[in-house]
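Work through the exercises below with the sequence and the 3D structure at hand. Each task is followed by a solution in steps.

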Amino acid sequence: MHKVVSGDTLGAISIKYLGSFQQWHNIVTANPQLAGRKTAIDGSPLIYPGDMLIIPVKETEIKGPPDTVDIADGEQDVSIVVGGKRFVGFTGYELNLSFDSLDTFSFSAPYDSELNELKEAIEPFGFKTCEIYYQGNLVFNGKLLTPDPRLEDNSAEITLQGYPVCGVLNDCNVPPAKYPTQYKGADITQIARDLAGAYNIDVVMQGDAGAEFEKVSCEPSENVLQFLGKLLRQRDLLFTNDERGRLLIFGAKEKAADVSFVEGEPPLLSVIPKFNAQGFYSHLTGFTKTDSESDSLSYTFENRYLINKGVRRYKSVIIDDVKTQEDLQKAVNAQAGRMFADCVSYELNCEGHIFVGGRLCKKGLCVCVKAPKAMIRRETVFIARNIKIIRTAESKTTQLSLVLPGSYTGKIPEVLPWE
């Protein structure tokens with residue numbers, strides 16, 4: 001039995017008793033009282049202090065935490081578990097948490113080529129399963145990519161890099177056995193699960209999958225996520241990974257700011273505007289394809305900011321597999337939102353690592369910023385498109401790539417940050 005205390009999660013309890021985050025399903029099966037509870041982002045039921053949980057193992061099967069291997073004298077706030085070994089002591093790292101793509105990690109340390117545990121874990125092209133942790137909390141289940149060792153002036157350093165388990169979908173095409181890959185009358189969830197299933201990747205759908213696609217096909221040269229991303233944009237949906245490394249498909253929602261920053265006040269270090277003038281259009285028009293059975297439909301998104309200034313810049317796009325004016329409008333507005341995200345963003349750097357509610361900030365963080373010298377003249381709420389948790393030999397910092405929330409919800413603000 002385990003009595004839940006503040007800060008416990010099913011994943012952490014599973015690691016403690018069963019030696020692996022992924023075994024939390026067995027704990028849920030043994031505790032039917034958890035049925036019907038709200039779930040965390042990894043799909044596990046929420047647990048609360050005072051809950052008594054049955055841990056379904058025999059005494060001879062109980063595993064302790066993985067053996068710890070210090071690969072250098074760095075801090076032990078991040079760790080990677082590979083092959084039953086927990087590696088700590090990295091002198092530098094970067095965790096990249098993405099709202100609209102997949103997470104990545106990069107850990108660096110001096111390289112001891114005689115450390116047998118490390119040699120076994122980092123064999124090139126092994127694509128070994130790993131678990132990435134920050135202060136004991138799982139960031140995501142992933143795959144370890146080929147290591148990057150460097151020898152300079154008789155000193156060696158090694159960098160371990162990787163991505164979530166579902167990252168293979170961003171590298172690879174559909175297996176030849178599935179060609180021709182064509183779908184008729186299927187929604188995005190069905191298509192994603194069929195394609196990801198070829199690599200034994202689970203897909204989690206949060207929210208409405210939208211209308212079915214009448215007929216779509218994946219070209220042999222398209223990566224799986226390249227093809228899915230195209231379909232997701234047509235249904236105004238996003239993808240990322242969850243903590244278990246599964247592919248997560250979702251629709252963005254508006255929410256209040258989680259944290260605020262003000263120019264000149266710590267921990268804010270800098271705010272750098274990143275504007276792309278050439279990708280910014282006054283009119284974005286979407287057309288459907290013309291066929292023998294129906295005429296082409298069209299819808300135009302009007303960027304009032306440019307139009308009110310007398311600026312005319314036109315862009316046209318073809319929207320595949322849209323049959324109604326309503327669906328076409330939704331798809332074009334989604335494209336317009338992405339235009340704003342690509343053309344109006346800010347890089348925010350702050351000292352230390354950002355915590356919300358006592359835990360490391362999560363992807364999808366909403367941030368309120370006022371920084372007149374960086375052309376944010378009014379308090380503006382942004383969404384963090386990317387969060388980089390960085391540690392070097394000299395400092396700990398957090399870098400946020402901020403975009404307007406309407407970039408994902410289709411509701412572009414009437415007043416922009418610099419107005």
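**Exercise 1.** How many residues line the second largest pocket, and which of them lie nearest its centre?

*Solution.* The model is a predicted one, in which local features need pLDDT of at least 70 and side-chain atom pairs count only at pLDDT 80 or more, while totals for chains, interfaces and linings use all residues. Residues are numbered from 1 along each chain as its sequence is written, and side-chain values use heavy atoms, with hydrogens and water left out.

Step 1. The lining consists of 23 residues, and K215, V216, K289, D320 and D321 lie nearest the centre. Helices (H or I, at least four residues) and strands (E, at least two) are DSSP runs, numbered from the N terminus.

Step 2. The largest share, four residues, comes from α6. Sorted by class, the lining holds six nonpolar, six polar and 11 charged residues. The volume of the pocket is about 480 Å³, taken as the space filled by probe spheres set on the grid points, which are joined across faces, edges and corners.

**Exercise 2.** Find where D236 and R338 lie, and decide whether each is buried or exposed.

*Solution.* Step 1. D236 and R338 form a salt bridge, with 3.7 Å between the closest N and O atoms; the term means a side-chain nitrogen of Lys or Arg within 4 Å of a carboxyl oxygen of Asp or Glu. D236 sits in the loop between α6 and β15 (238-241) and R338 in helix α8 (residues 325-343), so the pair ties together parts that are 102 residues apart in sequence.

Step 1. Buried means under 20% relative accessible area, exposed over 50%, and partly exposed in between (1.4 Å probe, protein chains only). D236 is buried because its relative accessibility is 18%, and R338 is buried at 12%.

**Exercise 3.** Which peptide bond at P180 is cis, and what is the phi of F125?

*Solution.* Step 1. The cis bond joins Y179 and P180, with omega about -5 degrees. P180 is in the loop between α4 (168-171) and β12 (181-183).

Step 1. F125 is not a glycine, yet it has a positive phi of about 60 degrees. This residue is in the loop between α3 (116-121) and β8 (129-134). F125 counts as exposed because its relative accessible area is 65%.

Technical notes
1 Å grid on protein atoms, 1.4 Å probe; cavity = no way out; pocket = protein on both sides within 12 Å on 5 of 7 lines; lining within 4 Å. Nonpolar A, V, L, I, M, F, W, Y, C, P; charged D, E, K, R; others polar.
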